[in-house]
Amino acid sequence: MKYFIIVMTFLLPQYSYAEMISNIHLTSDYIYRGISNSARNPAVQGGLDYYNDFGIYTGVWASTVDYELVSDEPSYEFDVYGGMTGELASIGWDVGFLYFTYPNASSSYQLDAHEFHIGLSRDVNDVSITTAYHYSPEYSGAGNSHYIEANIDILLPDEFNLSLHAGHQSFENNYWYDLPDYTDWKIVIGREISGILVELSWTDTNIKDNNACFSGTDWCGSQFTLDVHRDFNFF
């Protein structure tokens with residue numbers, strides 16, 4: 001939290017236009033890059049984001065987690081992130097960082113890590129296309145990590161939204177997580193109802209053998225999830 005406060009103190013006095021949004025999120029399964037981070041159980045999540053007219057953004061986010069570790073298991077994840085966005089010749093761009101931590105986990109798990117990303121986007125009528133590359137020099141003990149993703153968001157009739165996602169994750173040291181390099185994909189259909197975004201998602205990966213998923217879990221397989229999300233504007 002102290003990193004977020006430092007950044008906010010620096011940014012807030014300098015620009016006349018700014019926006020701060022908090023959010024709360026309930027999900028039937030916290031899935032990140034195709035893999036459950038809550039052992040197929042529900043999770044409660046929330047965050048706070050700040051944006052200004054220079055395209056600078058920063059925020060914090062937290063979620064309950066469940067990794068079914070033997071001892072000193074983390075009960076929650078806390079992230080700090082920031083970056084800058086802009087547009088050049090109708091192409092949007094985004095560069096930023098993510099620092100994710102597990103404050104009450106044993107240090108022996110080496111779960112805390114940081115990651116950098118660069119992304120491009122293009123809007124064509126009711127379709128938005130984004131691509132991004134994420135890199136971490138030390139991903140929670142797994143060494144260099146690379147994640148490439150592509151997303152398509154489509155505005156449907158009656159204010160429904162359809163989102164399609166595909167990504168590929170690779171690690172320098174696969175043995176650390178006992179995970180192979182893998183591909184994940186996701187289909188989401190959602191609609192806002194009285195200010196609440198309701199989404200039904202289907203996710204999957206190409207890890208079909210449970211023995212290749214954290215030594216015998218079903219966290220990497222096909223899963224439907226229900227998510228309920230609400231934003232609150234401060235100014």
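Biologist: Let's begin with the nonpolar patch. Which strands each supply at least two residues of it?

Modeller: Strand S1 (18–27) and strand S14 (223–233) do. Keep in mind as we go that this is a predicted model.

Biologist: Noted. Which strand gives the largest share of the patch?

Modeller: S14, with four residues. The patch as a whole is made up of Ile-24, Leu-26, Val-44, Phe-160, Ile-189, Leu-200, Phe-224, Leu-226, Val-228 and Phe-232, and together they have about 870 Å² of accessible area.

Biologist: I'm curious about Leu-226. Why does it count as partly exposed?

Modeller: Leu-226 sits in strand S14. Its relative accessibility is 45%, so it counts as partly exposed, because that class covers values between 20% and 50%.

Biologist: Okay, zooming out. How do the strands in the barrel run, and how many are there?

Modeller: There are 12 strands in a closed barrel with antiparallel pairing, in the order S1-S4-S5-S6-S7-S8-S9-S10-S11-S12-S13-S14. On average, neighbouring strands of this sheet are turned by 20° against each other, ignoring direction.

Biologist: Remind me, what holds strands of a sheet together?

Modeller: Backbone hydrogen bonds pair them, in either a parallel or an antiparallel way.

Biologist: Let's take S5. Is it mostly covered or mostly open?

Modeller: Mostly covered: S5 spans residues 56–64, and seven of its nine residues are buried. Strand S4 (residues 43–52) runs antiparallel to S5 and is joined to it by seven bridges; in one of the pairs, Gly-46 has Ala-62 of S5 as its bridge partner.

Biologist: What about the turn in that hairpin, which residue has a positive phi?

Modeller: Gly-55, with phi near 85°. The hairpin of S4 and S5 has three residues between the strands.

Biologist: And how many bridges does S5 make with S6?

Modeller: Nine, again in the antiparallel sense, with S6 covering residues 76–88. Ser-63 stands opposite Glu-77 there.

Biologist: Changing topic to charges. How many salt bridges turn up?

Modeller: Four in the whole structure. In one of them, the side chains of Asp-29 and Arg-40 meet at 2.9 Å, N to O. That pair links distant parts of the chain, with Asp-29 in the loop between S1 and strand S2 (31–32) and Arg-40 in the loop between strand S3 (35–36) and S4, 11 residues apart. Both Asp-29 and Arg-40 are buried.

Biologist: What does Glu-115 pair with?

Modeller: Arg-33, in a salt bridge of 2.8 Å, N to O. Glu-115 is in strand S8 (residues 113–124) and Arg-33 in the loop between S2 and S3, so this pair ties together parts that are 82 residues apart in sequence. Glu-115 is buried at 2% relative accessibility, and Arg-33 is buried with 10%.

Biologist: Now the pair of Asp-204 and Lys-208. Is Lys-208 buried or exposed?

Modeller: Exposed, with a relative accessible area of 56%. In their salt bridge, the closest N and O atoms are 2.8 Å apart.

Methods. Residues numbered from 1 in each chain as written. Predicted model: local features only at pLDDT ≥ 70, side-chain atom pairs only at ≥ 80, totals over all residues. Heavy atoms only, no water. Pairing = 2+ DSSP bridges. Axes fitted to C-alpha atoms, helices over the stretch in contact; angles between N-to-C directions. Patch = residues over 30% accessible without salt bridge, like charges linked within 9 Å, V, L, I, M, F, W, Y side chains within 5 Å. Areas by Shrake-Rupley, 256 points an atom, 1.4 Å probe, with all protein chains shown as cover. Buried < 20%, exposed > 50% of the residue type's maximum accessible area, 1.4 Å probe, protein only.
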